Amino acid sequence: MRLKLNLDPKISVIKKRLDGVKRIIAVSGFKGGVGKSSTACVLALLLAQNGKKAGLMDLDFNGTSDEIILGLKKEFPQEIEGLEPPLISGVKFMTAAFFARNKAVNLRGEEITNAILELFAVTRWQNLDFLILDMPPGFSDAALDIIRFIPRAEVIIVSTPSALSQNIIAKAKAALKNFNIKITGSIKNMSPEGINFDGKLEAAYGRPAKLLKTRFAADLKKEIERLSLY
Ligand SMILES: Nc1ncnc2c1ncn2[C@@H]1O[C@H](COP(=O)(O)OP(=O)(O)OP(=O)(O)O)[C@@H](O)[C@H]1O
Ligand SMILES: [Mg+2]
């Protein structure tokens, strides 16, 4: 009961902070290494390139990677009645990496949830067409808490053709249904039925202009059109 009383004010602040955001899309994979972060970053870059107001938030606190994919340099959030995310290649970007530069984020369990809620509560997204959330892998507390505290988030599921990925996806879909979470679509990564394996993807990390010219981006663009996100 005490926990609920403590969290309530934060939740109403978060709701207000997200008032100007039209759609919140959580890129989830429920499994590690399937391409969630690459998809989330390139998705945000493609939406911005297409004239949409796009934001990206890396919620994989224990393993942030979007700052590397986007090639973060000296940008840092500005403090103006909260934290104003810097613009990286047209994408408003927020990550725990801003505050833990070059060190692992050493948080566990409830601490992660609190840190995520804190980041949501202080970030000024203002008006966005899309806020893309790069989700932590699996059904961790953090993943479940995000879904619980941001009830209007929709989910895009990233999977690979591996039987291991497909097995967990089937379970995840059932669980999301239980939580009444909207599944906007699924994207198969490293698959001829979705985003092909792209041997040049790694070399483009850190350079958004180059990332947008990869086969990965071209394939993801088709998926975005299929999911009617443009
Ligand atoms: N379509 C692709 N072609 C080639 N390599 C890919 C592709 N998609 C992802 N990768 C590679 O797979 C690895 C994992 O990708 P990424 O970090 O995006 O996945 P993730 O699901 O976010 O992982 P984690 O669970 O660790 O957060 C990276 O080394 C990336 O370069
Ligand atoms: Mg990731």
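Modeller: Take contacts between residues at least 6 apart in sequence: in the protein chain, 77% of them join residues at least 24 apart, a contact being two C-beta atoms, placed from the backbone, within 7 Å. This is a predicted model, in which local features need pLDDT of at least 70, side-chain atom pairs count only at pLDDT 80 or more, and totals for chains, interfaces and linings use all residues. Residues are numbered from 1 along each chain as its sequence is written, while chains are lettered from A and ligands numbered from 1 in written order.

Now to ligand 1. Its shell has 20 residues, of which Gly32, Gly35, Lys36, Ser37 and Ser38 come nearest; a residue belongs if its C-beta atom, placed from the backbone, lies within 6 Å. Two elements each give two or more residues, α2 (36–49) and α7 (201–204), and α2 gives the most, with three. Helices here are DSSP runs of H or I, at least four residues, numbered from the N terminus.

In α2, 13 of the 14 residues are buried, so the helix is largely enclosed by the rest of the structure; buried means 20 or more other C-beta atoms, placed from the backbone, within 10 Å of a residue's own. Across the protein chain, buried residues make up 41% of the 230. Just after α2, Gly51 takes a positive phi of about 90°.

Note on methods:
A residue is buried if 20 or more other C-beta atoms lie within 10 Å of its own, exposed if 12 or fewer, and partly exposed in between; C-beta atoms are placed from the backbone.
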